[in-house]
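Consider the model below, first as a whole and then at a few individual residues.

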Amino acid sequence: PAHKTAVCSLKFRPYMKHLVSGGVDGVVLMWSLFYRPNLARQTQIRPYRFVGHQAEVCAVAVSPSDTLVASASKDKTVRLWIPTAEGKSTVIRAHSGAVRTIAFSPDGKCLLTGSDDKTIKVWDVETERFLLSFSGHLNWVRSAEFNGDGRLVVSGGDDKTVRLWDLEQHECIHQFGDIIGMVNCCRFHPDESCIGSCGEDRSVQIWDIRAKMLIQHYAGNAGAVRSLCFHPSGNFLLSTCDDATLK
């Protein structure tokens with residue numbers, strides 16, 4: 001009932017009733033988090049299976065309104081799923097390369113994708129139409145997300161840069177480039193004063209947005225750092241690493 005191989009991405013639905021996962025097997029699964037006493041002896045929880053992608057699902061996202069699940073795949077497409085047992089979806093032929101990252105805007109009206117074709121694209125969720133594209137990365141884009149008001153985008157990739165984009169100006173407003181390895185993940189701090197990034201150089205960096213400089217550097221990992229996230233309070237930062245640790 002679960003994924004047949006590695007799990008690439010996880011997201012909670014907003015009301016914490018379900019967990020959505022995407023895997024190398026090309027399947028999106030939605031898991032119920034309800035505890036049901038009458039099923040206490042059941043050894044396995046059977047998730048809803050959303051099937052349609054023809055290759056690895058690299059990332060999943062859930063809309064703020066909890067009405068859609070989005071998935072990004074190496075088959076170069078994005079799918080928008082209605083999160084019910086039927087698992088109906090529509091397809092956006094999004095990029096000319098694998099789509100590695102996906103995120104909804106805070107208001108849920110736009111969808112952000114990043115790809116091996118070195119571009120970041122913004123889509124209208126309701127019409128599923130292309131709105132704009134950001135070009136500038138010199139290699140694969142592995143991570144991208146909106147800030148809290150949806151006016152800025154941060155991205156990182158295999159060109160060893162973290163870039164800050166302005167949606168109104170349709171341009172890159174800063175590039176953080178003092179990075180030794182490829183960037184696997186980048187995230188806005190909850191107060192949006194800084195950006196966290198991590199990657200193949202086995203370290204985590206914190207970049208000050210206003211001063212446009214590196215303010216913290218956390219090294220000492222024994223492997224590449226795959227992902228990171230800030231606690232909602234902004235006081236803690238969690239990272240996952242190939243050395244089998246959480247820090």
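The paragraphs below go from overall dimensions to local features.

This is a predicted model, in which local features need pLDDT of at least 70, side-chain atom pairs count only at pLDDT 80 or more, and totals for chains, interfaces and linings use all residues. Residues are numbered from 1 along each chain as its sequence is written, and side-chain values use heavy atoms, with hydrogens and water left out.

The protein has zero helices and 22 strands; helices (H or I, at least four residues) and strands (E, at least two) are DSSP runs numbered from the N terminus. Its C-alpha atoms fill a box of roughly 55 × 40 × 30 Å along the principal axes. Of the 247 residues, 51% are buried, where buried means under 20% relative accessible area, exposed over 50%, and partly exposed in between (1.4 Å probe, protein chains only). Among contacts with a separation of 6 or more, 36% join residues 24 or more positions apart; a contact means heavy atoms within 4.5 Å.

Most residues other than glycine have a negative phi. Glu-128, in the loop between β11 (119-124) and β12 (130-135), has a positive phi near 60 degrees. Glu-192 also has a positive phi, of about 60 degrees, and lies in the loop between β17 (183-188) and β18 (194-199). Glu-128 counts as partly exposed because its relative accessibility is 28%, and Glu-192 is partly exposed with a relative accessible area of 28%.

Phe-12 belongs to strand β1 (residues 7-12). Its relative accessibility is 47%, so Phe-12 counts as partly exposed.
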